Structure formats: C-alpha cells, structure tokens
Amino acid sequence: MTLNKKVAIITGASSGIGAATCVDFVKNNANVVAVGRNLENLKQTSAACTKANPKVKCLIIQADVTKDTQKIIDQTIKEFGKIDILVNNAGILKSGTILDTESGDFDSIMDTNLRAVFQLTKSVVPYLIKTKGNIVNVSSVAGIRSFPNALAYCVSKAALDQFTRCVALELAPHNVRVNSVNPGVVITEVHKRSGMDEKAYADYLELCKSTHALGRVATVDEIAPSIVFLASDAASFITGSLLPIDGGKNVMCPR
Ligand code: NDP
C-alpha cells in the first residue's frame with residue numbers, strides 16, 4: 001500500500017485515532033494536513049510525523065471543523081496545490097437518552113459529527129474530482145447498531161453512514177471513492193471528554209470485555225491501518241463500504 005506524494009487532510013488530528021492516522025499516512029509517504037483546535041497537541045502530532053518520516057510534510061491547521069472550512073481548503077491548496085484524500089475523523093460524544101438530551105447537546109453533536117463533514121466534504125470534492133481522490137469517514141459501530149443512552153451520537157453516526165453511501169454513488173462517475181471505518185470502543189480521549197471520570201471510564205472498559213466478541217477494546221494502532229488501506233490504491237474497487245473494526249461487536253446479539 002502506498003500513498004506516495006498524496007495530500008491527505010485529516011481532521012481531529014490532535015488526538016486519538018486522527019493523530020495515529022497522520023503517523024500511518026506519513027509512514028506510507030503521504031503529505032498530511034493535520035486539522036484540530038488544540039495547537040499544542042497538533043504540534044505533538046506533527047513532531048511524531050516528522051520522526052516517522054522526515055521526507056514528507058505535516059502541515060498543521062488550527063481550525064474548528066464547524067466553522068473554518070475555507071481556512072482548511074485555502075491553507076492546504078496554498079501549501080500543496082492539490083487534495084487527494086479527505087479523512088473526516090473529528091468527532092464528539094455525549095451520553096443521553098430521549099428523556100434527558102438537551103437540544104443544545106443534540107445540535108453540537110450533529111454540527112460536529114455530521115454538518116461539518118457535509119460542509120468540508122462539499123468544499124473538498126471539486127479538488128478530489130481533479131485528482132480522482134477518495135474520502136474515508138470515521139463513523140462508529142454506533143452508526144450500524146443501536147445503543148441506549150447515546151441517542152444523539154448514534155443518530156449522528158447512522159446519518160454519517162448514509163452520507164457515505166449516498167456520496168459514494170454520486171461521486172463514482174468521477175472515480176472518487178467514499179468509504180467509512182466503523183470502530184468499536186477504542187482507547188482515546190473521547191469518552192473522558194464526554195464527561196466520564198476515571199472510575200466510570202475504567203468500569204466501562206471492564207464492561208467492554210463482554211460487549212466485544214474478542215473480549216477487549218482496541219488501540220488506535222488497530223484503526224489507522226484500515227484508514228490507510230481504504231485511502232490507498234489497494235482499495236481501488238471499494239466504494240460505499242462501511243468497514244467495522246470492532247472486535248466483532250456489531251455481529252453480537254443478546255440471547
Ligand atoms: P478524541 O477525543 O481522542 O479525538 C477527537 C478529535 O476530534 C480531536 O482531535 C479533536 O480536536 C477533534 N475535534 C472535535 N471537535 C472538533 C472541532 N469542532 N473542530 C476540530 N476538531 C475537532 O477521540 P477519538 O480519536 O476516539 O475520535 C475520533 C473519531 O473516532 C470520532 O469521530 C469518534 O466518534 C470516532 N470513534 C471513536 C471511538 C472510540 O471508542 N474512541 C469508537 C468509534 C468511533 P481538538 O481536541 O483539537 O478540538
């Protein structure tokens with residue numbers, strides 16, 4: 001698999017799955033555009049990229065994906081003159097049911113996990129058509145299965161999955177592929193950022209041993225290589241696909 005000289009925008013590059021994906025992309029000789037809000041974390045991602053492969057570039061763009069679409073495009077084109085790959089990875093989680101999810105929380109989850117993806121994708125597509133590039137969306141097992149107490153998150157990821165399939169059909173005539181990865185639980189900051197304290201997170205990871213068929217959660221290094229694969233020519237006949245990377249969680253069913 002090679003991403004030789006490709007230019008890849010990766011959102012949510014300042015943490016977790018996005019940061020690991022940046023490093024895997026540069027290892028495969030891609031130039032990466034690392035997008036996130038936390039500048040210190042973005043600098044750490046950039047340093048890890050330079051260490052992994054000093055022959056390619058990691059451009060940092062400090063940006064909020066819900067607001068700064070044009071800044072992301074302008075700075076990428078100014079630096080590299082083209083876009084080959086878009087990885088829509090930035091996302092947020094908050095627990096809550098139909099009884100207790102505040103409208104504001106519903107809106108902010110939809111804004112980040114769905115509307116920002118629509119907005120950035122819409123702006124990047126003309127460039128991808130020129131390069132016959134591709135898109136990888138980072139969805140979740142919560143897009144393809146239903147869980148209580150994560151209502152807005154599940155709905156946002158299910159909508160993202162439909163977005164992946166619809167856009168795949170629309171862009172297929174242009175030879176632009178669109179796919180997603182749908183991880184199970186992965187050790188990152190997302191759960192603690194959603195409000196879980198250390199004890200609740202530890203208890204949750206313990207519970208996850210029984211909710212993932214493989215009996216454990218994943219590390220980011222088990223997600224990033226599949227994003228590289230879908231973005232590479234090794235996946236040249238794959239479009240409109242959702243790839244579960246979830247230790248079998250999506251095929252489990254209570255009995
Ligand atoms: P992290 O919380 O570790 O990372 C989330 C990333 O998203 C950060 O880099 C954060 O940037 C970025 N981000 C969030 N909101 C914005 C915004 N408005 N503008 C720009 N960047 C933003 O979580 P993960 O690595 O786990 O999450 C990555 C993706 O993986 C998400 O889409 C998530 O839904 C998905 N996922 C995660 C799973 C898990 O168990 N970890 C399971 C299934 C899917 P910053 O901090 O700089 O704002």
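Let's start at the second largest pocket, which is lined by 19 residues. Nearest its centre you'll find Lys132, Gly133, Asn175, Arg177 and Ser236. Please keep in mind that this is a predicted model. The volume of the second largest pocket comes out at about 270 Å³. And what kinds of residues line the second largest pocket, by class? The lining has seven nonpolar, seven polar and five charged residues.

Now, on to the helices. Have a look at helix α4, residues 103-131, and helix α6, residues 151-171. The two pack at an angle of about 15 degrees, and their axes are 8 Å apart. Angles under 35 degrees count as roughly parallel, and α4 and α6 are therefore roughly parallel to each other. The crossing of α4 past α6 is right-handed.

Which residues make the contact? On the α4 side, they are Phe106, Ile109, Met110, Asn113, Leu114, Val117, Phe118, Thr121 and Val125. From α6 come Ala152, Tyr153, Val155, Ser156, Lys157, Ala159, Leu160, Phe163 and Leu171. If you sort the residues of this contact of α4 with α6 by class, you get 14 nonpolar, three polar and one charged.

Helix α4 has another partner to show you. Helix α3, residues 69-80, packs with α4 at an angle of about 30 degrees, with the axes 9 Å apart. That angle makes α3 roughly parallel to α4. Here, too, we have a right-handed crossing, with α3 passing α4. In this contact, α3 contributes Thr69, Ile72, Ile73 and Ile77, while α4 brings Gln119, Leu120, Ser123, Val124 and Tyr127. By class, the contact of α3 with α4 has six nonpolar residues, three polar ones and no charged ones.

How many cavities of 30 Å³ or more does the structure hold? One. The largest cavity has a volume of about 40 Å³. Its lining is made up of Thr11, Val65, Asn88, Ala90, Thr112, Ala116, Val117 and Leu120. And where does the largest share of that lining come from? From our friend α4, with four residues. Val117 was in the contact with α6, and Leu120 was in the contact with α3. As for class, the lining of the largest cavity has five nonpolar, three polar and no charged residues.

Definitions and conventions: Residues are numbered from 1 along each chain as its sequence is written. This is a predicted model: local features need pLDDT of at least 70, side-chain atom pairs count only at pLDDT 80 or more; totals for chains, interfaces and linings use all residues. Side-chain values use heavy atoms; hydrogens and water are left out. On a 1 Å grid over the protein atoms alone, a cavity is a set of points where a 1.4 Å probe fits but cannot get out, and a pocket is an open set with protein on both sides within 12 Å along at least five of seven lines; lining residues have an atom within 4 Å of a point. Grid points are joined across faces, edges and corners, and a volume is the space filled by probe spheres set on the points. Ala, Val, Leu, Ile, Met, Phe, Trp, Tyr, Cys and Pro count as nonpolar, Asp, Glu, Lys and Arg as charged, and the others, Gly among them, as polar. Axes are lines fitted to C-alpha atoms, for helices over the stretch in contact, and angles run from 0 to 180 degrees between N-to-C directions. Angles under 35 degrees count as roughly parallel, over 145 as roughly antiparallel, 65 to 115 as roughly perpendicular and the rest as oblique. A crossing is left-handed if the near helix is turned anticlockwise from the far one by less than a right angle, and right-handed if clockwise. Contact means heavy atoms within 4.5 Å.
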